[in-house]
Structure formats: structure tokens, C-alpha cells
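Here is a set of questions and answers to work through with the structure in view.

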Amino acid sequence: MTVASSSPPSHLPPRDVEETAPKRRSVGKRERDGGGSGDGALAALFIGPALLGFLVFLFWPTLRGIYLSFTRFNLLTPAEWVGLDNYRRMVKDPIFWDSLKVTVEYVFINIGVQTVSALAIAVLLQRLTQSAVLRGVVLTPYLMSNVVAGIVWLWMLDTQLGIGNEIIAGLGFDRIPFLADETWAIPTIALINVWRHVGYTALLLFAGLQAIPNDMYEAAKVDGASEWRMFWRITMPLLRPVLAVVLIMTVIGSFQVFDTVAVTTNGGPANATNVLQFYIYGSAFGRFQFGYASAMSVALLVVLSAITILQYRLTRAGRTDLG
């Protein structure tokens, strides 16, 4: 009498049974697919220099500046702890508040003109032509340093000898003291920086426009939509995340304007261009009040952090309308 087996007999040949069994991947294959321990060392090798630069040139100076903001320090004697004295002095300092007001005026002019101009250039590049030569021409002013751009425009806008005023005088108008008049100084500096940065900002927006599917524009054209309507109904909603990030970057950069002011007006006339960064620099390296300068720097850091968070939330920079 034979006993029946508890498991049904396999009808597959032995070779087929072996082929259906799961195979173990070799160690070398797992490492090539990204599961090896060597990838961590390779990643650390690439990240290490950038991380070291961040710690040495950004993180540590920030901590050092926060500490110095609570001290009286002039480089000649050891730092003396004074608590909140520097911050109390800052709140009562009329020059600080005037510098902040001048900086805000500069930021509004710079951001307003630069954003509108860059958006117009980006849309024209995307809708009319995508020539690499034109993109290079647009970016050319950005390749020039702020100091060189400031000096060139200082010569061009000189009241007596500048080519700008020569053209104005040739047209029969009075010469304009662009950088020597309290009314004209800040708008002029803002427009100089717009000229230098607008190409770079336009290319950032142009990159965002490239991510918008062209099918949407073609479908809108079939429906009879005009270019203006497509701009407001398609381009602006889908470009919003990129535009939000660009705005955050340009606002932060605008609040830190310094070199253009230093080489053109030196804070004048009558403190009309004494922006906050220039006042901080003068307090630290002109009057050796490093503690007070650090306190103003910390205040600027807090203001920029608050503005960045507010911009990020209001513009919904982390979300996109692209499905």
C-alpha cells in the first residue's frame, strides 16, 4: 500500500523549476544599482567642499556676529558683554531708521522695474525666438561686476562731461544731476542695478517658461485666445512658483545693496543713499563699532527672514498649478 504525498507532484521539468526560483542579486550588482556603501563616501566627497565653505564662511560668521551684537568690540580690546545695549541704541538711532527707509525705497524701485522688465524679456524670448545668441546678449551686463558697472555709469551720468547729460543737453533740456541730487540718487542707483541684473533674472524666468507645455498655447490659439489672454490665463498661473522664488532671491539681494552705492555716491548727498548695508559698513570699519554693526546686521537678518517666510507663504512658492 502506497502513501499519497502531502504535496501535489510538480509537472515542470527540473530545469524549469530552477528557473522559476528567485535569484539572489550579486553584491556587485547591488552596488552598481545604488545600494553599495561606496555611494555614501562618494556623496560625502562631492558635498564636503561646499559644506566646509558653508560652515567657514556663512554659519560660523553668523554665530560670531550674533555673539558680537551683545558686546562692545573695537578690534583693539577684548569684547565686553553689554547685553541688549546695542539693540536699545539701534531702536533710538534716527540714522538707522533713515537708512532702513532709504533701503526700502531702493528695494521697491529695483524689484518693481526689474521684475516687470525681466518678465517681458523672458516672454519675448520664449514666444518670439529662442536664439542662444540673444540669450547671451541679454546676460552680458550680468557678467560685469557691480563696481565696474557703477564706475561706468558714474562717468556716463556725470553732470558736466557724461554722455547721458550731453545727449540731454543736445536735445535742449537742462542737465540732470543724477547721482548728485537727493531726489534722483536712489532711483538712479536702482536703475543701474536693474540694468545689470535684469538679464540674469529674465533667464531664470525663461527657464520656468520652458517647463510650460506648448500644447496649452496651441489649444488656446485654436479656441481663439489672444497673446494677452494666454499670458494672464496660462503663463502667469503656471510660472508662479518660479516667479515666487525669483522674487525672494531678488528681494534678499536688493536689501544687501552696497558696492554700487560705495563707488557712485558714497552714501550722499546728505545721506540720501545711505542704505543700511553702507551704514553697517561705516559703523564697523569707519568707527570701529563692531558690536553695534553686528546688532544692525542681526536686525537685518531677522527682517529678511520674516520677509522671505511671508513671501513664500503668500506666493505659494512650494506648489505648482501644473497637473
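**Loop, rings and helix packing**

Q: Where is the place of N271?
A: The model is predicted. N271 has a positive phi of about 65° although it is not a glycine. At 39% relative accessibility it is partly exposed. The place of N271 is in the loop between helix 12 and helix 13.

Q: Is N266 buried or exposed?
A: Exposed means over 50% relative accessible area. N266 has 53% relative accessibility, so N266 counts as exposed.

Q: Is the peptide bond from G268 to P269 cis or trans?
A: P269 lies in the loop between helix 12 (259-264) and helix 13 (276-286). Most peptide bonds are trans. The bond from G268 to P269 has omega near -5°, and is cis.

Q: What is the mean pLDDT of the protein?
A: Residues 1-10 stay under 50 in pLDDT. For that stretch the model has one contact beyond four places in sequence. Across the protein, 86% of residues reach 70 or more, and the mean pLDDT is 86.

Q: How many aromatic pairs are there?
A: Rings of Phe, Tyr and Trp pair if their centres lie within 6.5 Å. By this rule the number of aromatic pairs is 17.

Q: What kind of aromatic pair do F178 and W184 form?
A: The ring centres of F178 and W184 are 5.5 Å apart, with 80° between the planes. F178 is buried, at 13% relative accessible area, whereas W184 is partly exposed, at 38%. Planes over 60 degrees apart count as edge-to-face. The pair of F178 and W184 is therefore edge-to-face.

Q: Why are W228 and W232 separated by about one helical turn?
A: W228 and W232 form an edge-to-face pair, 5.7 Å centre to centre with 75° between the planes. W228 counts as exposed at 60% relative accessibility, and W232 is partly exposed at 46%. The separation is about one helical turn because W228 and W232 are four residues apart in helix 11 (residues 227-255).

Q: Which residues do ring pairs link into a cluster with F73?
A: The cluster is held together by ring pairs. Its members besides F73 are F258, F278, Y281, F285, F288 and F290.

Q: Over the face of which residue does R89 lie?
A: Two arginines can be described in this way. The charged end of R196 sits over the ring of Y142, 5.1 Å from its centre. R89 lies 3.9 Å from a ring centre, over the face of Y292.

Q: At what angle do helix 9 and helix 11 pack?
A: Two packed helices are described by the angle between their axes and the distance between the axes. The crossing of helix 9 and helix 11 is right-handed. On the side of helix 9 (residues 185-210), T201, L204, L205, G208 and L209 make the contact; helix 11 contributes T235, L239, V242, L243, V246, M249 and T250. The axes are 9 Å apart, at an angle of about 150°.

Q: Which residues is T235 in contact with, leaving aside its neighbours within four places in sequence?
A: T235 is found in helix 11. At 4% relative accessibility, T235 counts as buried. Its contacts are L209, I212, Y217 and M230.

Q: Which residues does L55 touch, not counting residues up to four places away in sequence?
A: L55 lies in helix 3 (residues 38-68). L55 is partly exposed, with a relative accessible area of 39%. The residues touched by L55 are W60 and P61.

Terms used:
Residues numbered from 1 in each chain as written. Predicted model: local features only at pLDDT ≥ 70, side-chain atom pairs only at ≥ 80, totals over all residues. Heavy atoms only, no water. pLDDT = per-residue confidence, 0-100. Contact = heavy atoms within 4.5 Å. Phe/Tyr/Trp six-rings, centres within 6.5 Å; stacked < 30°, edge-to-face > 60°. Buried < 20%, exposed > 50% of the residue type's maximum accessible area, 1.4 Å probe, protein only. Lys NZ or Arg CZ within 6 Å of the ring centre and 35° of its normal. Axes fitted to C-alpha atoms, helices over the stretch in contact; angles between N-to-C directions. Left-handed = near helix turned anticlockwise from the far one by under 90°.
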